[in-house]
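Please look over the model below before reading my points.

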Amino acid sequence: MRLTLFTDFALRALMRLAGEPARSFATNEIAAEFGISRNHLAKVVRDLADSGFITTQRGAGGGFLLARPPQSITIGEVVRALEARQALVECFRGDGGDCALTPRCRLKTRLAAAREAFMRELDATTLAECAYPARPRKNSAASPA
């Protein structure tokens, strides 16, 4: 199974938020920490907000934070929400695709079963279990002489 880069970025951001669930983060901060394009991350943040995983606040002091406790969000529900437009293979598309093997293909049912096993594992994993904690801050105080 392969997730889109969009979903990868979303999971990274959510894992970071789960590391400090009460804190609001700026898009620039997360983008810099993970080496992600700020513009791309802004689109990810918008989708996460639209899906109800985060809340956002614009303006000075704004940012985004988790909308629910991290233990109540599963990785599976995030992946389903963000990957809904991506078919695993052509025949899984909403329009059925244009595969010459349909309807006698023996692979489709096995791929569907594999996808479901993958999603079951992600459904059993909470965001809290994957929380990415803050990096320790360097002590800027001078050491005693």
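**Notes on the predicted model**

1. The crossing of H1 and H4 is right-handed. A crossing takes that name if the near helix is turned clockwise from the far one by less than a right angle, and left-handed if anticlockwise. H1 covers residues 5-19 and H4 covers residues 75-83. Their axes come within 10 Å and cross at roughly 145°. Axes here are lines fitted to C-alpha atoms over the stretch in contact, and angles run from 0 to 180 degrees between N-to-C directions. Helices (H or I, at least four residues) and strands (E, at least two) are DSSP runs, numbered from the N terminus.

2. Which residues of H1 and H4 meet? H1 brings Phe6, Thr7, Ala10, Leu11 and Leu14. H4 brings Ile75, Val78, Val79, Leu82 and Glu83. Contact means heavy atoms within 4.5 Å. The residues of this contact divide into 8 nonpolar, 1 polar and 1 charged. Ala, Val, Leu, Ile, Met, Phe, Trp, Tyr, Cys and Pro count as nonpolar, Asp, Glu, Lys and Arg as charged, and the others, Gly among them, as polar.

3. Some ground rules. This is a predicted model, in which local features need pLDDT of at least 70 and side-chain atom pairs count only at pLDDT 80 or more, while totals for chains, interfaces and linings use all residues. Residues are numbered from 1 along each chain as its sequence is written, and side-chain values use heavy atoms, with hydrogens and water left out.

4. Now the whole chain. Its secondary structure comes to 5 helices and 2 strands. Along the sequence the pattern is α-α-α-β-β-α-α. Of the 145 residues, 29% count as buried. Buried means under 20% relative accessible area, exposed over 50%, and partly exposed in between (1.4 Å probe, protein chains only). Among contacts with a separation of 6 or more, 65% join residues 24 or more positions apart.

5. The largest nonpolar core has 29 residues. Such a core is a set of buried Ala, Val, Leu, Ile, Met, Phe, Trp, Tyr and Cys residues joined through side-chain atoms within 4.5 Å. Leu14, Ile30, Leu41, Leu48, Ile54 and Leu66 have the most contacts inside it. The elements giving two or more residues to this core are H1, H2, helix H3 (38-50), E2, H4 and helix H5 (108-123). H1 gives the largest share, 8 residues. In soluble globular proteins, nonpolar side chains tend to be buried together.

6. What does Leu66 touch, leaving aside its neighbours within four places in sequence? Its contacts are Leu14, Leu17, Ala18, Pro21, Phe53, Ile54, Thr55, Ile73 and Leu127. Ala18 is in helix H1. Ala18 counts as buried because its relative accessible area is 8%. Beyond four places in sequence, Ala18 touches Leu66, Pro70, Leu127 and Ala131. Ala18 and Ile73 are 55 residues apart in sequence and 9.9 Å apart in space, C-alpha to C-alpha.

7. Ala67 sits in the loop between strand E2 (63-66) and H4. Is Ala67 buried or partly exposed? Its relative accessible area is 37%, so Ala67 is partly exposed. Not counting residues up to four places away in sequence, Ala67 touches Gly52, Phe53, Ile54 and Thr55. From Ala67 to Ile54 is 13 residues in sequence and 4.4 Å in space, C-alpha to C-alpha.

8. Why does Glu33 count as buried? Because its relative accessibility is 18%. Glu33 lies in helix H2 (residues 27-34). Its contacts, not counting residues up to four places away in sequence, are Arg16, Tyr132 and Arg135.

9. Thr125 lies in the segment after H5. Its relative accessibility is 17%, so Thr125 counts as buried. Leaving aside neighbours within four places in sequence, Thr125 is in contact with Ile73, Thr74, Ile75 and Cys130.
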